[in-house]
Amino acid sequence: MTKPAEPLTTAVRLARALVLLTVLLLLVAALALYAGGSRIDFASLRSDPLARTLFFRLRLPRVIMAALIGSSLAVAGAALQALFRNPLAEPATLGVSGGGAVGAGIAIALGWGASVSGVPLVFLCGFAGAMIAVLLVHRIARSGALLLPGALLLAGVVVNLIASAAVLAIQYVTDSSRALQILRWIIGSLETIGFDTVWRMLLILAPCWIALLALSRDLHLLAMGEETAGALGVNVERAETIVHLLCSVLVGVTVAVGGAIGFVGLIVPHAVRLMFGEDLRIVLPGSLVFGAAFLIAADLVARTALSPVELPVGAVTALIGGPFFLWLLHRRQRYSAL
Amino acid sequence: MTPFLEARAAEFSYRAGPPVIRGVSLGVARGKLSAVIGPNGCGKSTLVRLFAGLLAPARGEILFDGVPLRSISRRELARRIAYVPQAHALAFPFTVLEVVLTGRSPYTPRFRFEDERDRGRALDALATVGAAHLAPRRVTELSGGERQMVSVARALAQDPQCLLLDEPSAALDLKHRAALVRTLAALRDSQGLTAVVVTHDLHLIDPLFDHVFALRAGALLAQGSPAEVLTDSVLAEVYEDPHVRTRRIDGRTLIWSN
């Protein structure tokens, strides 16, 4: 009998991936904390109150914010690719980000501050918009047990177009100061002061991460086909509903806070695949860690590339992600579903 | 004797569509190789999906070994019944071994990975269908026929008591079609495997199959041994084609349409 070419078991490959990516994350985070408009000398943090304020009120929260949003978008991208069995799926290409943007835009137009039992209204509206978009796109692309890959992406593009038109309309009818708020938010920034928003996000995002990771075996089987997964004991309908919900929360909340940051959910899972293989039980946790490192790095570039001018981080990810998307499209022989 | 798989007055229609299965009652005997034949759209694939528990009948009942299918958990069912869907391409370049290993997931706890035994079982299943050499290849690089063999190997890795195959021979060449049927017959004889095969390939059936179910328009039209069903008159009725001709030669049935 032929011995398999890859002698490593899945558990060893997962452990190796997590160790390598965590080391990478720590290195990138340290660099991002150090570099910026003004360099922070870690030794002066004890003595210099100004440096301390800069570090703890601005730099550290921002890096953590980038990590939270990067992780969420990347793990949602990996899950959506498996769910839709489409390597080009990600929150932006499926229109999920667009839907979230409309929801969050409405909330901003109505007033930032409101919250429903402690959860900011803008989070809730972002989630609702994202959920409607993902269900709409799924419904349109579905034909019996088949998901039509072309229809899926086209539906996503059109949902995005409708969403940006809706956001423009909201901007037009709202008063000028809120219109400006919406504009700044669409451009997207990870800027944050203190840890309030960070904690609030973490409380909502972390349970979603854990729940998605707990579903990684179901997603691994779903990536092989819906009927196959069903025949292997997966409760397909339930798993799909839960993944829809979790991804909508992740994308809705991140869009509500950070604006439109595209392609993180595309680049990160594929990079993890190229490094550690296709097994979703490795790709999902790997994307969670690498997504954080990726967006911290992208934000570092956004802050420093044209310093003192700051680029929107969404522009940086789109400039890297757009060409990457085209490259994936070009390699369609390997991804035969396209 | 209770049939191993049984449909009792089963009815099914896809959402807001006309009924696809209309009051079908039939029993699949344990340890037998059965074929389901019939014209396009007659409900063959839907019938095996009902047996696989992927669809639930709108009326009537599906039973496995005398127990209603809906009372068996999906995971439990996946250890007993394996289903091979019609050939389709995979979206991601999984390795063949990764694909076949998923057949072990009904036996693996949610937060555990497959162990060495599972790996051995997966490689055995690949060897059984004559595809051991494919283990390290990527499924996206395989031909349609090779992918089909990998799907069958995955189903065998489930160690099922019953195997349901939906047009498994569609993408296979002459040699591999014969090999697949021989493999199924050998597993029946050695392990008592029950298999139900949906097929348009009527030449596949004789002489190794035990039983044939013929469907037309969602209803069971005829059943019996291959010699009883594969006749001019029955096939003419099943396919609504008066030009069907059959001839038995050396224990096989030749079938053509004039």
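1. Strand S3 (residues 33-37) and strand S9 (residues 211-216) of chain B pair in the parallel sense over 4 bridges, where strands are DSSP runs of E of at least two residues, helices are runs of H or I of at least four, and both are numbered from the N terminus. Pairing here requires that DSSP finds at least two bridges between the two strands. S3(B) is also joined to strand S8 (residues 194-198) of chain B by 4 bridges, and these two strands run parallel. B:Ser34 stands opposite B:His211 in S9(B) and opposite B:Val196 in S8(B).

2. This is a predicted model, in which local features need pLDDT of at least 70 and side-chain atom pairs count only at pLDDT 80 or more, while totals for chains, interfaces and linings use all residues. Residues are numbered from 1 along each chain as its sequence is written, and chains are lettered from A and ligands numbered from 1 in the order in which they are written.

3. In S3(B), 5 of the 5 residues are buried, a residue being buried if 20 or more other C-beta atoms, placed from the backbone, lie within 10 Å of its own, exposed if 12 or fewer do, and partly exposed in between. B:Leu33, B:Ala35 and B:Ile37 point one way from the strand, whereas B:Ser34 and B:Val36 point the other way. In a regular strand the side chains alternate between the two faces of the sheet.

4. Chain A has 13 helices and 4 strands, and buried residues make up 51% of its 338 residues. Its radius of gyration of 20 Å agrees with the value near 20 Å for a compact globule of 338 residues, taken over C-alpha atoms with a rule of 2.2 Å times the number of residues to the power 0.38.

5. Between the chains, 31 residues of chain B are in contact with 29 residues of chain A, contact meaning that the C-beta atoms, placed from the backbone, lie within 7 Å. Helix H2 (74-80), strand S6 (81-84), helix H3 (96-101) and helix H4 (116-128) of chain B each supply at least two residues of the side that touches chain A.

6. The largest nonpolar core has 194 residues, of which A:Ala79, A:Ile296, B:Val100 and B:Ala153 touch the most other members; such a core is a set of buried Ala, Val, Leu, Ile, Met, Phe, Trp, Tyr and Cys residues joined through C-beta atoms within 7 Å. Helix H2 (residues 49-84) of chain A gives the largest share of this core, 17 residues. Leaving aside neighbours within four places in sequence, the contacts of A:Ile296 include A:Val28, A:Val63 and A:Gly70.

How values were computed. Contact = placed C-beta atoms within 7 Å.
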